[in-house]
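This report describes a structure for a reader who has not seen it before.

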Amino acid sequence: MAAAPPLRLRWRFVQPDRIDVSDDRAQARTPHAADALIEVRGLRTVLGGKVIFDGLELDIPRGRITAVMGPSGTGKTTLLRHITGQLRPDAGSIRIDGADVTALPRHALFALREKIGYLFQNSALLTDFSVFENVAFPLRQHLDLPEELVRNLVLTKLQAVGLRGAAELMPSELSGGMARRVALARAIVRDPTLILYDEPFVGLDPIALNQVLKLIRTLNDTLGITSILVAHEFAAVARVADLVYLIAGGKVVARGTPAELTRGDSAWTRQFFGGEADGPVPFQYPARDYAADLGFPAGAASSTPHTEPRP
Amino acid sequence: MSAVRPKPPSMIGDALAQVGACGLFLLQILAAVPRSLRHIRETVRQVWFTGAMSLVIIMTCGLFVGMVLGLQLYYVLSIFGGTAALGTVVSLSMYRELGPVVTALLFAGRAGTSITAEIGLMRATDQIAAMEMMAVDPIAYVAAPRFLAGVIAMPLLACVFNALGIFGAHLVGVSWLGLDNGTFWSNMTSSVDVWKDVVNGVWKSVAFGAVVALIAVFQGYTTAPTSEGVAYATTRTVVFSSIVVLALDFVMTAFLM
């Protein structure tokens, strides 16, 4: 088996920044010229006979927060699984700092993952362990640190997500939002170089949402961490993301800063950010004729609600 | 005539594929055993969970199996005037067959199902994927400790089962039906061979422990990540474990006799 190319993930320290990113700052941050930490080329994935990606191409700039958005079922989580090597594509390549993830052997993949933090959509906390032990788990598994240092690191991260007081609770005693924040603390406990957030804002109340946004921005600014954010909440995404990719139909259909996408006049951006049912992305899952399903003659009913006034 | 060879029925094909996958999984576990020694506390926890927590059912069943065996054998032996051989027959039955086999069946029902359900739920709630994402090998952290726990706990449980079984037979034969205490013990100790009977029984229980633990871990690890998938997996653990234990018992008995 060929040896994996050396990984060159590195730290980058930049000045702290405010969480509120104005349009001007966002323009300044536009990473068109920035070097890419992750390069996705010609990605093709077919799952269960359905084409998820069909020649997807995108770059994730180093040290920036990149949001990946798109309609449900368009493959955003699948993309994260490809990037972390959990799922191999049918074709194409994913390079992280030059190393092709699709070709890495298991031990090299594990070495790469030690530098990656991953926030799962459903938190994925270890149910046998307390909150403290969940956050301490990566430290205990990979580092031989004194217990006092482990305790300080864990409590620091729990303080950052506002759950230091919940350290002794079990995952079954947490609400969905609290579990997500614990999972976030676990994802960042080893100060990774790359963090992937899969739906980090689901279930968070406005206070927690604001703090999590602030944390994501601070991590990015102070440690230069590259972040990939999969989310549907554009208002929240717009507050932290430097770059947004809109994926639909297996391809990137729009790319730019949040401000650029908001102003965008393509059918994709109009429909997705305007929340319209009609557009290039069908609201209805492919189905048989609506009228026939209801027992009427085929073609007698529209598949979308009838909104015109009756005569 | 068509040159295309007919495909085997899917049930046979699926079964062979499962056996093959289980064999490969065993190799993965064995390869991960040295790495799993880093998680020795997890292995000890699993021995406690699968072994110590199974003691109540093993002791209770062992006692009653021994009592029933004592009662039935006393009746049969009394026809031939050979009730003095009760201790011998009971102990040989327990050490050679009933101890390892019944313990394995009980172990599959009590510990095997819980191992499958636990790992299946870990799979369904992305805990296994989370470990992989934290660069922790789930085979070394989850599968290998449970497999080792099965191998360690089964012979110990079988010994407890045997002891309680013989105690139950003694209770019925000596305390209840009036058989002489000295006759019961002396006939037993004079006819039971440590290596041929006791140790062979222990070897059997080690093999059964490995088989049941492997099936339980494999079913949990490969289950569909749904409630229905976990339910089917736990059922398959009991069914497959029972069949394989009984079949393996025949093979081992044939070789060990």
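## The largest cavity

The largest cavity has a volume of about 180 Å³. The model is a predicted one, and it holds two cavities of 30 Å³ or more. Lining the largest cavity are 17 residues, and those nearest its centre are A:Ile116, A:Gly117, A:Arg186, A:Ala187 and B:Met134.

Two or more lining residues come from each of these elements: strand 6 (116-119), helix 4 and helix 6 of chain A, and helix 5 (127-133) of chain B. By class, the lining of this cavity has 11 nonpolar, two polar and four charged residues.

## The largest pocket

The volume of the largest pocket is about 690 Å³. Its lining is made of 25 residues, with A:Pro71, A:Ser72, A:Val281, A:Pro282 and A:Phe283 nearest the centre. In chain A, strand 2 (50-61) and helix 10 (267-274) are the elements that give two or more residues to this lining. The lining of the largest pocket divides into 13 nonpolar, 10 polar and two charged residues.

## The second largest pocket

The second largest pocket holds about 580 Å³ of space. It is lined by 17 residues, and A:Glu133, A:Arg140, A:Gln141, B:Arg41 and B:Tyr141 are the closest to its centre.

At least two lining residues of the second largest pocket come from each of helix 4 (131-142) and helix 5 (147-160) of chain A and helix 2 (40-50) of chain B. The lining of this pocket consists of seven nonpolar, two polar and eight charged residues.

## Chain A as a whole

Chain A has 311 residues, and 47% of them count as buried. Its secondary structure consists of 11 helices and 10 strands. Among contacts in chain A with a separation of 6 or more, 66% are between residues 24 or more positions apart.

## Helix 5 of chain A

Helix 5 of chain A, which supplies residues to the second largest pocket, has 14 residues.

Which residues of helix 5 of chain A are buried? They are A:Val150, A:Val154, A:Leu155, A:Lys157 and A:Leu158. Seen down the helix axis, the buried residues fall within an arc of 160°, and therefore line one face of the helix. The buried residues of helix 5 pack against helix 4 and helix 6 (176-188) of chain A. Both helix 4 and helix 6 of chain A also give two or more residues to the lining of the largest cavity. After helix 5 of chain A comes A:Gly162, which has a positive phi, near 75°.

## B:Asn181

In chain B, B:Asn181 belongs to helix 7 (residues 181-191).

Apart from neighbours within four places in sequence, B:Asn181 is in contact with B:His170 and B:Val174. B:His170 is 11 residues away from B:Asn181 in sequence, and their C-alpha atoms are 8.1 Å apart in space.

Terms used
Residues numbered from 1 in each chain as written. Chains lettered and ligands numbered in written order. Predicted model: local features only at pLDDT ≥ 70, side-chain atom pairs only at ≥ 80, totals over all residues. Heavy atoms only, no water. 1 Å grid on protein atoms, 1.4 Å probe; cavity = no way out; pocket = protein on both sides within 12 Å on 5 of 7 lines; lining within 4 Å. Points joined across faces, edges and corners; volume = space filled by probe spheres on them. Helix = DSSP H or I, 4+ residues; strand = E, 2+ residues; numbered from the N terminus. Nonpolar A, V, L, I, M, F, W, Y, C, P; charged D, E, K, R; others polar. Expected span 1.5 Å × (residues − 1). Buried < 20%, exposed > 50% of the residue type's maximum accessible area, 1.4 Å probe, protein only. Arc of directions from axis to C-beta. Contact = heavy atoms within 4.5 Å.
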